[in-house]
Amino acid sequence: HQIRIFAKKKALAGRLRKLRQDASRRPSPFVFTSLAELLRDLDDEDEALEVARRAGSMFPQNAQPFLVQGEIRVDRFLRDQVAKDAVLGAAAPSVS
């Protein structure tokens with residue numbers, strides 16, 4: 001599993017680098033969400049969650065960062081049975 005993740009990270013290193021640069025130079029909900037989803041795909045859930053949380057703070061009217069946070073928390077809850085993730089996922093602010 002670790003070898004597969006390493007190979008995937010190496011293959012996606014350029015895209016990851018570009019998204020990180022775009023997030024700092026031209027922040028947008030799309031860029032942050034894309035970065036969070038890529039990090040999630042690379043099994044870096046903690047950083048993905050932090051990126052999505054930051055995006056939600058910067059762009060509170062955009063639902064996508066909150067959806068990504070919820071998906072990560074639900075996945076972690078189902079996988080690890082961490083009740084904190086279920087509670088935090090259910091308490092996530094709604095966007096109107």
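View 1. Rings of Phe, Tyr and Trp, the last by its six-membered ring, are taken as a pair if their centres lie within 6.5 Å, and a pair counts as stacked when the planes are under 30 degrees apart, as edge-to-face when they are over 60, and as tilted otherwise. By this rule the predicted model holds 1 aromatic pair. The partners are F32 and F59, whose ring centres are 6.4 Å apart and whose planes make an angle of 55 degrees, which places the pair in the tilted class. Because F32 belongs to helix 3 while F59 sits in the loop between helix 4 and helix 5, the pair ties together parts that are 27 residues apart in sequence. F32 has a relative accessibility of 3% and therefore counts as buried.

**View 2. The largest nonpolar core.** This core has 18 residues, and the members that touch the most others are L16, F32, L35, L39 and V51. At least two core residues come from each of helix 2 (13-25), helix 3 (29-41), helix 4 (45-58) and helix 5 (64-80), with the largest share, 6 residues, supplied by helix 3. When neighbours within four places in sequence are left aside, L16 is in contact with L35, L38, L39 and L42.

View 3. The 13 residues of helix 3 reach 18 Å from the first C-alpha to the last, close to the 18 Å expected at 1.5 Å a residue. Buried in this helix are V31, F32, T33, S34, L35, A36, L38 and L39, and helix 2, helix 4 and helix 5 are included in what covers the buried residues of helix 3. Just after helix 3 comes D43, with a positive phi of about 65 degrees, a value that D43 takes although it is not a glycine. Most residues other than glycine have a negative phi. D43 lies in the loop between helix 3 and helix 4 and is partly exposed, with a relative accessible area of 44%.

**View 4. Q64 and its contacts.** Q64 is placed in helix 5 and is partly exposed, with a relative accessible area of 33%. Apart from its neighbours within four places in sequence, Q64 is in contact with T33 and E37. Q64 and S34 are 30 residues apart in sequence, while their C-alpha atoms are 9.8 Å apart in space.

**View 5. Confidence of the prediction.** Over the protein the mean pLDDT is 85, and 81% of the residues reach 70 or more.

How values were computed:
Residues are numbered from 1 along each chain as its sequence is written. This is a predicted model: local features need pLDDT of at least 70, side-chain atom pairs count only at pLDDT 80 or more; totals for chains, interfaces and linings use all residues. Side-chain values use heavy atoms; hydrogens and water are left out. A nonpolar core is a set of buried Ala, Val, Leu, Ile, Met, Phe, Trp, Tyr and Cys residues joined through side-chain atoms within 4.5 Å. Buried means under 20% relative accessible area, exposed over 50%, partly exposed in between (1.4 Å probe, protein chains only). Helices (H or I, at least four residues) and strands (E, at least two) are DSSP runs, numbered from the N terminus. Contact means heavy atoms within 4.5 Å. pLDDT is the predictor's confidence in each residue, from 0 to 100. The expected span of a helix is 1.5 Å times one less than its number of residues.
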